[in-house]
Amino acid sequence: MSGHAPLVRGLEQSIPEVTGGRAVVAGAGDGSDVAGLVREPVPDLILVDLMSSAGVAAVAAARAAAPKTRILALDGDGDPAAELEALRAGASGILPRGDEAIPPLLAALEGWAVVPAPLLASLVERPSRPTAQTAAAQLDESDQRLLRLIATGSSTSEIAGVLHVSDRTVKRLTAALLRKLHVSSRTEAAAVAGSAGLV
């Protein structure tokens, strides 16, 4: 454990009393001690300190070692970027330090996502990824033609015949089109074409 060990010990004593003994809280200061925390019985909750230089790495290690365990990161200096990285690494939420940690920790055990207000605000303010429909509207004529052919069920060979190119070229063009539309299959692309009024 790292510098938050007293807090972890306090939580280990108080949480079972509140939850009827269901929760076991473990602390991880860095990635090196994660394996020791997930031996039987696997804890319901793992705490990781973001003040540690290996905090985000420890979150990722804990997530890999205990996929079903809820992992909460203790906030560091309130840096939304670091907290966001912890969430991306597999943390279920971010806890404040001190006595304020108990209510959000209990909420996390009940399945709620616990995110500090500043981090939530930064997430809401982030520009959203372009939707597939928006991307479809920005396609040039050749991409729109390819999308129509895909949407009408034309095979790779049929498209190659219409466009007077090889099957290999059609596959390359199709892969590029799927990336532009932010979709992963021809079926999804066809649905986008329909939603965008291209067919």
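This is a predicted model: local features need pLDDT of at least 70, side-chain atom pairs count only at pLDDT 80 or more; totals for chains, interfaces and linings use all residues.

Reader: How many helices and strands in the protein?

Author: Eleven helices and four strands. Helices (H or I, at least four residues) and strands (E, at least two) are DSSP runs, numbered from the N terminus.

Reader: And what share of the residues is buried?

Author: 37% of the 199 residues. Buried means under 20% relative accessible area, exposed over 50%, partly exposed in between (1.4 Å probe, protein chains only).

Reader: Take β2. Which residues are on each side?

Author: Leu45, Leu47 and Asp49 sit on one side, Ile46 and Val48 on the other, and all are buried. In a regular strand, side chains alternate between the two faces of the sheet.

Reader: In what sense do β2 and β3 pair?

Author: Parallel, over five bridges. Two strands count as paired if DSSP finds at least two bridges between them. Leu45 stands opposite Arg70 in β3.

Reader: Switching topic. How many residues in the largest nonpolar core?

Author: It has 18 residues, and Leu147, Ile159 and Leu177 are among those with the most contacts inside it. Helices α7, α8, α9, α10 and α11 each supply at least two of its residues. A second, separate core has 15 residues, including Ile46 and Leu84. A nonpolar core is a set of buried Ala, Val, Leu, Ile, Met, Phe, Trp, Tyr and Cys residues joined through side-chain atoms within 4.5 Å.

Reader: Which residues of α5 are buried?

Author: Pro104, Leu105, Ala108 and Leu109. Seen down the axis of α5, they fall within an arc of 145°, so they line one face of the helix. That arc is taken over directions from the helix axis to the C-beta atoms.

Reader: How many salt bridges?

Author: Two, counting a side-chain nitrogen of Lys or Arg within 4 Å of a carboxyl oxygen of Asp or Glu. Glu85 forms one with Arg88, closest N and O atoms 3.0 Å apart. Both lie in α4, three residues apart.

Reader: What about Lys180?

Author: Lys180 forms a salt bridge with Asp143, closest N and O atoms 2.5 Å apart. Lys180 is in α10 and Asp143 in α8, so the pair ties together parts 37 residues apart in sequence.

Reader: Is Asp143 buried or exposed?

Author: Buried, at 10% relative accessibility. Lys180 is partly exposed, at 41%.

How values were computed
Residues are numbered from 1 along each chain as its sequence is written. Side-chain values use heavy atoms; hydrogens and water are left out.
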